[in-house]
Amino acid sequence: MTSIQQLQEHIKRLNDERLLNQFDLYNTYSVKDIKEVIYYRLIECELENRRLLTHKIIEDEYEYAQ
């Protein structure tokens with residue numbers, strides 16, 4: 001099993017576009033196992049660190065309103 005630290009390092013190496021795509025992918029899963037939940041939360045934290053999460057949420061809300 002991959003450690004959380006290894007996952008964090010992997011996520012930090014992703015570029016912004018890939019990170020946002022991964023966020024979208026894991027956000028669409030209706031049933032998640034514990035590894036998917038952890039990965040999703042790590043992605044969410046990295047987006048927040050890069051100050052992209054708020055912009056992503058606003059963008060998604062705008063798209064759903066259309």
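The model is a predicted one, in which local features need pLDDT of at least 70 and side-chain atom pairs count only at pLDDT 80 or more, while totals for chains, interfaces and linings use all residues. Residues are numbered from 1 along each chain as its sequence is written, and side-chain values use heavy atoms, with hydrogens and water left out.

A look at the whole chain comes first. Its secondary structure consists of four helices and zero strands (DSSP runs numbered from the N terminus, H or I of at least four residues for helices and E of at least two for strands). Read from the N terminus, the order of elements is α-α-α-α. The C-alpha trace spans about 40 × 25 × 15 Å along its principal axes. Of the 66 residues, 27% count as buried, a label for under 20% relative accessible area, with exposed meaning over 50% and partly exposed in between. Contact means heavy atoms within 4.5 Å; among contacts between residues at least 6 apart in sequence, 64% join residues at least 24 apart.

Helix H1 (residues 4-13) packs against H3 at an angle of about 45°, with the axes 10 Å apart (lines fitted to C-alpha atoms, for helices over the stretch in contact, with angles from 0 to 180 degrees between N-to-C directions). H1 and H3 are therefore oblique to each other, as angles under 35 degrees count as roughly parallel, over 145 as roughly antiparallel, 65 to 115 as roughly perpendicular and the rest as oblique. On the H1 side, Ile4, Leu7, Gln8, His10, Ile11 and Lys12 meet Ile38, Tyr39, Leu42, Ile43 and Glu46 of H3. By class, this contact has seven nonpolar, two polar and two charged residues.

A second pairing involves helix H2 (residues 16-28) and helix H4 (residues 53-65), whose axes come within 12 Å and cross at roughly 55°. That angle makes H2 oblique to H4. Leu20, Phe23 and Asp24 of H2 make the contact with Leu53, Lys56 and Asp60 of H4.

Leaving aside residues up to four places away in sequence, Glu44 touches Phe23 and Leu53.

Methods:
Buried < 20%, exposed > 50% of the residue type's maximum accessible area, 1.4 Å probe, protein only. Nonpolar A, V, L, I, M, F, W, Y, C, P; charged D, E, K, R; others polar.
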